[in-house]
Amino acid sequence: MAKKQLMPWFNTVRPKYERVMKNSMSFQIIGTGSAYPVCIKTNDELSQLVDTTDEWISSRTGIKSRHISTTESLSELAVTAAKQALEDANVKSEELSLIICATIQGDYVTPSLACVVQKEIGAKCPAFDVNAACSGFIYGLDIALGYYERKKADKVLIIAAETMSKHVNWKDRATCVLFGDGAGAVVLSAGDGLVAIKTTASGATDILTIPGRTGNNPFSEPKAMDDYLYMNGPEVFKFAVTSMCRDLKDVIAAAGLTETEIDMVLPHQANLKIIEGAMNRLKIPEEKYYGNIEHSGNISAASIPILLDELNKAGLIKKGFKLALSSFGGGLTSAACVIKWNKEAVQK
Amino acid sequence: MTVLNKVAEILADHTDVAVEEITMETNFEKLGLDSLDMVDLVMQMEEEFDVKIAINQQLAQVSDLVKLIEGLQN
């Protein structure tokens, strides 16, 4: 009795509080960019490394391949994505008011990844990192919103970049196949694109963890931690599906819309089954869901902005489209927002 | 709808098996359900029957799930 194959049914591109911002100034996205490391590892190639198969991975997750950093640093990926977004927005780095990088960990603990990018692109503005794991990009948008509300920002660069390959145990077949590396970026300007946004946290130290440094302090006995990323799959799945359903309903309602009025859903690309689980519970038509997990794997915070850039570059996002973004992951955190797309579609 | 009927309906939706072929003895692993499919199944049962089920239940076959839910309903 064969199980239905988990096929990517979405339109593939080879890509703890709510606000209602109707009639208020918020921001709009005026440029997008992304960068992947050059090296691609397929499921078949990973099955040479750990005891797994293409069938096992793709039927359970929808992932067929992922990009893995070899010679590229995370800073280089972040800078490439940033430069693309600035070019797409027709904005010079000197015009930036703020740089926020969403990342679990940059190449350095300090300087922050945002500071490294600031140096490399020649910007002069404040720069800092935010770690909300997979929800980091939307948390970053929420932080930027505050700057716009205080009228403290003109152009803002938000980058989300991860090298998950540094955090996984490459001997653990259950986890090393799930993740990938990459960076995505957006440039914001004042506007009315962001219509509703929500962020949540449910702190937990035993469900999804990546250990920090403990150093060699001879006077302390640090608490024992796993050496690499640990994840309780079933608990994370339940949290993710529940969050995605609840958060999307909340922000769509806060935006004064119905689920059927959403033009595109961009979910965090962690696992196709999570998205299917939410899709089966929501009223948003199936064809409105977009994804690229087949070739990206789970890139944590970078997942959504990379997908956004792929859709933008493919000319699929039309002016006036209402996009619903939804993320969930480490923390445990979740976040969602509705954005009205004010850019003209890229002509193909 | 009885608990068994609802389980059968959900399983038929997730797999190539017809509703009529699902019995109390149907084994979840033999149907090809993995750990995440099981979590989704349990979540749907929670939603349908308004009960709370812990994630780490040992559910090998349909009767395990049916008995668990009927127990929570009483």
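At the start of helix α2 of chain B, a side-chain oxygen of B:D34 comes to within 2.9 Å of the backbone nitrogen of B:L36. This contact belongs to a predicted model, in which chain A has a mean pLDDT of 92, with 92% of its residues at 70 or more. Over residues 1–23 of chain A, however, the pLDDT is below 50, although this stretch has 93 contacts in the model beyond near neighbours in sequence. Where pLDDT is low, the predicted coordinates should not be read in detail.

**Helix α2 of chain B**

- The helix covers residues 35–49, and at 1.5 Å a residue its 15 residues should span 21 Å, which agrees with the 21 Å that separates its end C-alpha atoms.
- Of the 15 residues of α2(B), 11 are buried, so the helix is largely enclosed by the rest of the structure.

- B:D50 follows α2(B) and has a positive phi, near 55 degrees, even though B:D50 is a residue other than glycine.
- B:D50 is placed in the loop between α2 and α3 of chain B, and with a relative accessible area of 71% this residue is exposed, the cut-off for that term being over 50%.

**A positive phi in chain A**

- A:S300, which is not a glycine, also has a positive phi, of about 50 degrees, and is situated in the loop between α8 (293–296) and α9 (303–313) of chain A.
- At 1% relative accessibility A:S300 counts as buried, whereas B:D50 is exposed.

**Cis peptide bonds in chain A**

- The peptide bond that leads from A:T110 to A:P111 is cis, with omega near 5 degrees, and A:P111 lies in the loop between β6 (96–102) and α4 (113–121) of chain A.
- A cis peptide bond is also found from A:G331 to A:L332, where omega is near 0 degrees, and A:L332 belongs to the loop between β15 (322–329) and β16 (333–340) of chain A.

Terms used
Residues are numbered from 1 along each chain as its sequence is written. Chains are lettered from A and ligands numbered from 1 in the order in which they are written. This is a predicted model: local features need pLDDT of at least 70, side-chain atom pairs count only at pLDDT 80 or more; totals for chains, interfaces and linings use all residues. Side-chain values use heavy atoms; hydrogens and water are left out. pLDDT is the predictor's confidence in each residue, from 0 to 100. Contact means heavy atoms within 4.5 Å. Helices (H or I, at least four residues) and strands (E, at least two) are DSSP runs, numbered from the N terminus. The expected span of a helix is 1.5 Å times one less than its number of residues. Buried means under 20% relative accessible area, exposed over 50%, partly exposed in between (1.4 Å probe, protein chains only). A polar contact is a pair of N or O atoms within 3.5 Å; within protein, one must be able to donate a hydrogen and the other to accept it, and residues adjacent in sequence count only if both atoms are side-chain atoms.
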